[in-house]
Structures are given as C-alpha cells and as structure tokens.
Amino acid sequence: MAPFGFFRVGVPLDSPAAVVVFGKASKGRVGKRSFIRAARPMARQKIRQCNECVRYINETLNPQVFFERYRQLLANCHMLVSLEEYYPFAHPYPSVQLERIEAQREETINDFIDRYFAYSVRKMKELKTEKGKQGRVLEFYKSLAHYRADMFPSNIKKFTEMYSLLRHESEKERKP
C-alpha cells in the first residue's frame, strides 16, 4: 500500500459506480480495466433500455405505459450517470442526456397529452352510444388524473382543459 493512500489506482468498491455494477458496497478497489469489463454489459443493456423507453415515450397512447417508461428512463439514466466517472462513454455523456430529458419533461408530457387527446377524440367518434362516448371522456380524465403527481401544473391545466373540450364535444353530439 502506498504511504498515506497516495497514488491509489482503480475504482473504489464503495463508490456509486461500483455499487451499480457489482450490486453492493465493499471495501477496497478494483482496477479500472476490470471495472470496465464488468460494467460494459450492464452499460450496454441500460443504453438499450433507454432507447426502448424513448421509443415508447414518443409513440405510446397509454398513460400507464408513458409514465412507467418515463420513470424507467430516468432511473436508467441515473445509473449510467453514476458510471460516467469511470466508464468511457461516447458523446453525449449520460449526464448531458439526463439534463436534456429533465429539461424537456414538461414539453414531453404535453406532447403525450396531445397524442392521447387526439386518440380519445378518434375513439369517441367511433362509438355509437352516448354512454360509450361519456365513458371514453371519463376514461381520458381518470387515466391522466392518476399521474398528476408526475406532472407540472401546466400539464395538469392542459389535460383538464382538454377534458372540458371532450365533454363539450360529447354533449354537442348528443344535442340534435
């Protein structure tokens, strides 16, 4: 051991990066090459999962899928950020990607609300009965209201306004 711990090489086994890769904290160090060899499959898997989450976030019409995948994307990005100090990522780094994802969160949720609203209007127009149309309108509201804690005030305002529009559209079609 070097005097006073100077010139220690490698990754501390109690660092957040080592805990992510090895699953638990312990004392000591692991060489950087050994760490990279151990981290590579996990980092690749998390990157694949992030890409899959982004695809679902951008395409889904289901609020449950959207918000669960958004949470999973954030969790995977945080794991990758913890590896950033020791693992050789290509640009853009996970921390930059995470910042961008968090900065665009409000806009991303608004995009989903727009998509889900358009889908709900299409589905409502396909229905024949008033009860079915009212059920579709209520489903729009309830399914988004369930995720209020994950939304910004502007997102909540947007979906409540769209709910009012859907209700109005449903009532307008009811009157001859």
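**Exercises on a predicted helical model**

From the N terminus on, the elements of the protein chain follow the order β-α-β-α-α-α-α-α-α. The model is predicted.

**Exercise 1.** Determine how many helices and strands the protein chain holds, and what share of its residues is buried.

*Solution.* Step 1: the elements amount to seven helices and two strands. Step 2: the chain has 176 residues, and 35% of these count as buried. Step 3: the accessible surface is about 11200 Å², with 54% belonging to carbon and sulfur atoms. Step 4: among contacts with a separation of 6 or more, 58% are between residues 24 or more positions apart.

**Exercise 2.** Describe the largest pocket by its volume, its lining and the helices that supply the lining.

*Solution.* Step 1: the volume of the largest pocket is about 580 Å³. Step 2: its lining consists of 25 residues, and Val 54, Leu 73, Gln 97, Arg 100 and Ile 101 are those nearest the centre. Step 3: at least two lining residues come from each of helix H2 (32-59), helix H3 (63-83), helix H4 (94-103) and helix H5 (105-126). Step 4: H2 gives the most, namely six residues. Step 5: by class, the lining comprises 15 nonpolar, six polar and four charged residues.

**Exercise 3.** Decide whether Phe 66 is buried or exposed, and identify the residues that it touches beyond four places in sequence.

*Solution.* Step 1: locate the residue; Phe 66 belongs to helix H3. Step 2: apply the cut-off, by which buried means under 20% relative accessible area. Phe 66 has a relative accessible area of 0% and is therefore buried. Step 3: leaving aside residues up to four places away in sequence, Phe 66 touches Ile 57, Thr 60, Thr 108, Ile 109, Phe 112 and Arg 115. Step 4: a C-alpha separation of 8.7 Å is found between Phe 66 and Cys 53, which are 13 residues apart along the chain.

**Exercise 4.** Classify Ser 143 as buried or exposed, and state which backbone oxygen lies 2.8 Å from a polar atom of its side chain.

*Solution.* Step 1: Ser 143 is placed in helix H6 (residues 130-145). Step 2: the relative accessible area of Ser 143 is 18%, so this residue is buried under the 20% cut-off. Step 3: the oxygen in question is that of Glu 139, at 2.8 Å from a polar side-chain atom of Ser 143. Step 4: with residues up to four places away in sequence excluded, Ser 143 touches Pro 63 and Tyr 116.

Notes. Residues numbered from 1 in each chain as written. Predicted model: local features only at pLDDT ≥ 70, side-chain atom pairs only at ≥ 80, totals over all residues. Heavy atoms only, no water. 1 Å grid on protein atoms, 1.4 Å probe; cavity = no way out; pocket = protein on both sides within 12 Å on 5 of 7 lines; lining within 4 Å. Points joined across faces, edges and corners; volume = space filled by probe spheres on them. Helix = DSSP H or I, 4+ residues; strand = E, 2+ residues; numbered from the N terminus. Nonpolar A, V, L, I, M, F, W, Y, C, P; charged D, E, K, R; others polar. Buried < 20%, exposed > 50% of the residue type's maximum accessible area, 1.4 Å probe, protein only. Contact = heavy atoms within 4.5 Å. Polar contact = N/O pair within 3.5 Å; in protein donor to acceptor, adjacent residues only side chain to side chain. Areas by Shrake-Rupley, 256 points an atom, 1.4 Å probe, with all protein chains shown as cover.
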